[in-house]
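Visitor: I am new to this one. Could you walk me through it, one question at a time?

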Amino acid sequence: MNPVNKIFLKLVLLPTAVYKSMGVNMDQLRSILVTKLIMDDRRPNTIQQTRTRNKGKQVSMATLGTMLMSGLIGLVYLFAFSIGSNMVTSLTIYFSMFFFMLSATLISDFTSVLIDVRDTFIILPKPVNDRTLLISRLLHILIHVSKIVLPMSLAGIVYLVMNVNIAAALSFILMVLFTTIFAILFINAVYIGILKVTTPQKFQSVISYIQIVFAIVIYASYQVFPRMINRFGLGSLDLSLQKGILFYPLYWIACTWKFLYSFHVSSREAIGTALGLCLPFISIYLVVKYLAPFFNNKLALLSSGSGTSATARPVNSSKHRFDYPLLLSKLFTSSPSEKMGFLFSWKMTSRSRDFKLKVYPSIGYLAVYVVIMFMNTKSMDLQELREESIKSRILVISALYFTSFILTMAISQIVYSEKYKASWMYYIPPVDKPGAIILGGAKAAILKFYIPIVFFITVAGLVLIGPGVLPNILLGLFNELLIATLLVYVGNKLFPFSMHQNTNIKSGSLLRNLFVLAVSGVIALFHFFIYTIMPVVIIGAVLSIIATWLIMQSIRNIQWKAVKSSYSED
Amino acid sequence: MEPVISIRNLFKNFGNKQVLKDINLEVYSGQVIGYIGPNGAGKSTTVKILCGLLTDYEGEVKVKGFDVKKDTLEVKKIIGYVPEMAELYDVLTPKEFLSFMGALYGINEQVCSERIQKILSAFSLADNIDQRMDSFSKGMKQKVLIASGLLHNPDVIILDEPLSGLDANSVIIIKEMISRLARDGKTIFYCSHMMDVVEKVSDRIVLIDEGRIIANGSFEELKVQQGNKSLEQIFANLTSKDSLASTADELIKALEN
């Protein structure tokens, strides 16, 4: 156990007498907490989850990583103090960010902290009384939340001590507590909302969608906020003057801060203060009275893993519904094993949670990026676009080549799965050319994650610029396909969903990826220069198709030897 | 008669460790071989070699005359393999998973989908055919696994602990199925730790320990050699160096204060 956990453990176990009087078995309580904290230390945190881990290292000391991350995020909040003409406005923004990030972090962590399914098998059969179990859970949650909240608020505290005074900082610490309580109420409400609309079985996957949305919103806010400040000059903003601000709970908290620190508030701020002071008590009341019991009921369902066949509904009654992946597989694949690789990858990419967590956020980032790009090019008029000016060329080229980011992401992630052990199924049947399965997977990734975007770009291009843009779009499309297939061909020759995420990414493969990146940069540059020379564009597109086709043939012909060596290298 | 499986002078090393030391075995059509041995004896290695999953061995392994090393694909076509406690991509439905396997075996789609329907109905999984397997019990998953090994109507069926997780009725079905398949001339290679089952289903029992075959014959023959005991007792006599009773003693002593 790391020193931080030891300190936390010491602190929460200090009131031994109190626990004992409640009927808690101290030895059990200690060992449960020690075990849980050790396990926390070995579980990758939210931030690490959504990223590809490129170190084969086992996760340990994850706690310290989380705390460091929280501290850094806390630093980012400081920029709230540069907004607004008064502290109430700044702090409203500060607490909004604090609340949002805290909820985002806790919403995914809480499932593993609150409901450890293994408790049912490990702790419940042992002679541990309810009080001990309850206290151990509460203390565990307390430690868990503290580990995020303390470092996150550190920067703010230091700022207030330095720039205002200690009283301001003390009042601020109390408000951090209020915000945390409010965040917990919010998370509970979200959980219950999810459980109301879906089955406990689907809970985890809905949570992962929420994580994806959070990741995208955070990315978007970091992109949009600074721009908004530049545009609207938020330095003079006073939220207290805004209509409807009294309906915003985080404004209440900022008002309460001002009241506690200076005892001097405007009438509107006074209402905010009154509401703010009630907020934590109402939150606790709601959680304890309504949410927790409801939650526990549902959680019991969740952890007992019940409702095996009763609640599970058929995925798709393929007889009734039009099966378009099947149609696509018929159109775009040639052999049974290629078709199998296609359909398998198509379905797994829609259903595998870890794949979605890694790839779907990048789709969101891209959408944000596109929106921002449009915001920036508002000044450009249609006429300019049609004239194929440098600006419009850059726009089209970057639209075509940047969007391929999703494709590269999907293609490099498609080989990973938590269920990698199930990949035995590729080895048992008499598969002559394993390359066909790999090609099928790559085709699925292309059709699912790139073609729709190209379609969108084409429509946008036709509407905004006109049919003249088509050859260039085609050239871009085929170039991207060339790059994507090249990535598969020079990369590790692995079956879809057959590799553990933690496996080392070798330096060799990093080099290969860099090579592919360099190639795509060169191709994009080349495309930029020939953009206006139509015959060259058309010839380029034809050459590109031929090259893609050739590489696809080569992928199809990948032999067992190459595949097996890709796995044994690690 | 030509043996269906013929293993001659089979050696296999993992690094410096020799796990198979001169295995020789011939299995004929219609036989049910009970392949038993303690943990780490080399059972799964033998099975993996037979299925063409491990090809860097020494010696000669043939299935229906095909050399496993040279004609791996032909061998894979002949063999149906039900791995032990295998993981499944459980976000798929049984129908999807089995169709994929069928496609890899090159079975005609129409035929394949009919077979899936029939096999799963026989296993009383007809209602679950379009459900994702993540909600399945261990036994249901095991049935899907068994189905995946039978789907292409193989001549040689390798079952590795096929009864794990199955309920009593399903166990009876599988046992009955094994003897029917053998009667139809299929060869069955049955690996298990459950001695009572092996004793009942096998025509011949092959006992392997530390990479060597230490007993090979029908249960009756083994009884003649080892005295009239149960297979469990014969197994213990042949494979354990220390007295098992004294090990149990040690365990009990460990609990004393």
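Visitor: What kind of model is it, and what ipTM does the predictor give the complex?
Guide: This is a predicted model, where local features need pLDDT of at least 70, side-chain atom pairs count only at pLDDT 80 or more, and totals for chains, interfaces and linings use all residues. Residues are numbered from 1 along each chain as its sequence is written, while chains are lettered from A and ligands numbered from 1 in the order in which they are written. The predictor gives a pTM of 0.76 and an ipTM of 0.84.

Visitor: What is the mean pLDDT of chain B?
Guide: pLDDT is the predictor's confidence in each residue, from 0 to 100. In chain B, 100% of residues reach 70 or more. The mean is 89.

Visitor: How many helices does chain A have?
Guide: Helices (H or I, at least four residues) and strands (E, at least two) are DSSP runs, numbered from the N terminus. Chain A has zero strands. Its helices number 24.

Visitor: Is strand β3 of chain B enclosed or open?
Guide: A residue is buried if 20 or more other C-beta atoms lie within 10 Å of its own, with C-beta atoms placed from the backbone. B:Val32, B:Gly34 and B:Ile36 point one way from β3(B), B:Ile33 and B:Tyr35 the other way, and all are buried. Because five of the five residues of β3(B) (residues 32-36) are buried, the strand is largely enclosed by the rest of the structure.

Visitor: Which residue of β8(B) is the bridge partner of B:Ile33?
Guide: Two strands pair if DSSP finds at least two bridges between them. β3(B) runs parallel to β8(B) (residues 187-191), joined by four bridges. β3(B) also pairs in the parallel sense with β9(B) (residues 204-209) over four bridges, where the partner of B:Ile33 is B:Arg204. In β8(B), the partner is B:Phe189.

Note on methods
A residue is buried if 20 or more other C-beta atoms lie within 10 Å of its own, exposed if 12 or fewer, and partly exposed in between; C-beta atoms are placed from the backbone.
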